[in-house]
Amino acid sequence: MRKVVLWLVIMVFALSVSIAFAQEDPLAYYQQAKINWKAYEGTTITIGLNKHPFTESLRPLLPIFEQLTGIQVAYVILPEEEFFEKLLVDLSSGGGIFDAYMTSPMYEWRYQYAGWIEDLNKYWNDPNLTDQEWYDRDDFYEKPLRANMWDGTIGGGLGEGRWNGIPVMVEFYCQAYRNDLREKWGLTVPQTYPDLLDTLTKAAELGKQEKPQVYGVANRGIRSWSTVHSGYFTAFSTYGQKDLTPAPDLTASINTPQAKEITQIWIDILQKAGPPGWPNYTWYDAKQNFAAGRFYEITDCDFFAATYENPAQSVIAGNVGYALPPAAPDGSIVSNMWTWSLGISSLSRYKEAAWLFLLWATAPQTMLDGTLKYDNFNPTRKSVWEHPGVVEKSMEWGTKPGEYREIVDAMYAKYGDIQWTPNPDVTTVGDYWCEALHEAYEGKKTVDQALDDAAAKINEFMAKWKK
């Protein structure tokens, strides 16, 4: 009898292990696709990656892809500015080190024009490489997917023609603030940009009494177009302004009266409430120091919330409020948008293997694992953002349940989109623009002078695109 019981115990244990293994088989989901994942077994591909939360969510999942395909993945991870410089050298020199790389629409416009990035449509439409039904491209949110398509028209054509990259995350720009300090100091959440200036100036003064000192606002400031891109361009666009007039004119319009008005407010905020050394601040610095409790507010990426709300990375977890960007005098609100994507280098010798990597990395299960387990926010697939586990994970972020999620949903539906005018030299336009912000901040020029001078430089540089 004891032998029978022992045998039954062994069988039940073996069955439970078998069921658990079947449930946890990391390859099972992908093997449902009508794809020969092993077609390029033995290949090694190299991926260029920016130092970013998405990258940290991808790295622990790579062994699944390698086991699934037999393709080995090498990768290079660099801080953002260095990453783009290294990638540009590789592409422009014809080096072909990277088979696939992280990219974004504003860079893709340059890469497409130069012939450095593959049109993904040909891989998507190859039934030997893609199971379209299994992959479910319609699951992506329209804005980030469309943003990675461009027909090459200078000044237009976004969302049409070539497909350059698959979006792996998306960010909009909002207010995040210390709700505990807001209550302690009796402050209100700013509804307009003059309100923002007033509130942050007060916060900076009150913060001097804290130990350690709390500064008013964290904003990126390095001498790069990326400094223009986030909170500042969101404010600029909210005031109804554009970087360039429509094609075929393509004249800089960063120095209109309304542009100068909002820029002056922005510079005042930086001077009165920003940190010492703002011109050297990266987005890494802004995010980490806000999470460390050194700032009252940050007007930057909404997805930073995943860091702020993680007690292992943040001392302010549970004490952060989130709000839409302030409104313009007419009540309108606009946010710029950025989406990191994965693209394939036209110089790659292993383009098909790289495509399999893109399919796997952006499949629903991979994106869900990256979001649930490793905080890849904001996901670009609807099924992931609406997954019960992701809803539960993000529902409590903010001063009330659902506050953060409501902001992201509003950005997708109404407020957020790419505000840059499509052209291959958009980053140079942004660099000239950022130089003007630095000159005004440092007192070398007035806001009017700085923007007028930057507009003249932009017009001279962009003349080659006018017909």
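The lining of the largest pocket splits by class into seven nonpolar, four polar and four charged residues. Here Ala, Val, Leu, Ile, Met, Phe, Trp, Tyr, Cys and Pro count as nonpolar, Asp, Glu, Lys and Arg as charged, and the others, Gly among them, as polar. This is a predicted model, in which local features need pLDDT of at least 70 and side-chain atom pairs count only at pLDDT 80 or more, while totals for chains, interfaces and linings use all residues. Residues are numbered from 1 along each chain as its sequence is written, and side-chain values use heavy atoms, with hydrogens and water left out.

**The largest pocket**

- About 340 Å³ of space lies in this pocket. On a 1 Å grid over the protein atoms alone, a pocket is an open set of points with protein on both sides within 12 Å along at least five of seven lines, a cavity is a set of points where a 1.4 Å probe fits but cannot get out, and lining residues have an atom within 4 Å of a point.
- Grid points are joined across faces, edges and corners, and a volume is the space filled by probe spheres set on the points.
- Of the 15 lining residues, P53, E56, K287, T307 and Q313 lie nearest the centre of the largest pocket.
- Two or more lining residues come from each of α2 (53-58), α13 and α14 (305-308), and α13 gives the most, with five residues. Helices (H or I, at least four residues) and strands (E, at least two) are DSSP runs, numbered from the N terminus.

**Cavities**

- The structure holds four cavities of 30 Å³ or more.
- The largest cavity has a volume of about 110 Å³, and of the 13 residues lining it, E80, E171, R220, W283 and W338 are the closest to its centre.
- For the largest cavity, α11 and β11 (338-344) each supply at least two lining residues, with α11 giving the most, three residues.
- The lining of the largest cavity divides into seven nonpolar, three polar and three charged residues.
- The second largest cavity has a volume of about 70 Å³, and its lining includes Y173, C174, W266 and D300.
- By class, the lining of the second largest cavity has seven nonpolar, four polar and one charged residues.

**Aromatic rings and charges**

- A search of the whole structure finds 51 aromatic pairs. Rings of Phe, Tyr and Trp (its six-membered ring) pair if their centres lie within 6.5 Å; planes under 30 degrees apart count as stacked, over 60 as edge-to-face and the rest as tilted.
- The ring centres of Y113 and W465 are 5.0 Å apart with planes at 85°, so this pair is edge-to-face.
- Y113 lies in helix α5 (residues 105-114) and W465 in the segment after α21 (447-462), so the pair ties together parts that are 352 residues apart in sequence.
- Y113 is exposed, with a relative accessible area of 53%, whereas W465 is buried at 13%. Buried means under 20% relative accessible area, exposed over 50%, and partly exposed in between (1.4 Å probe, protein chains only).
- The charged end of R137 sits over the ring of W163, 4.5 Å from its centre, and that of R405 sits over the ring of W385, 3.8 Å from its centre. For this, NZ of Lys or CZ of Arg must be within 6 Å of the ring centre and within 35 degrees of the ring normal.

**Backbone features to look for**

- Most residues other than glycine have a negative phi, and most peptide bonds are trans.
- The peptide bond from A247 to P248 is cis, with omega near 5°, and P248 lies in the loop between α11 (225-238) and α12.
- L250 is also found in the loop between α11 and α12; L250 has a positive phi of about 55° although it is not a glycine, and is buried, with a relative accessible area of 1%.
- The peptide bond from F377 to N378 is cis, with omega near -10°, and N378 is found in the loop between α16 (364-374) and α17 (382-385).
- D375 is found in the loop between α16 and α17, has a positive phi near 60°, and counts as buried at 17% relative accessibility.
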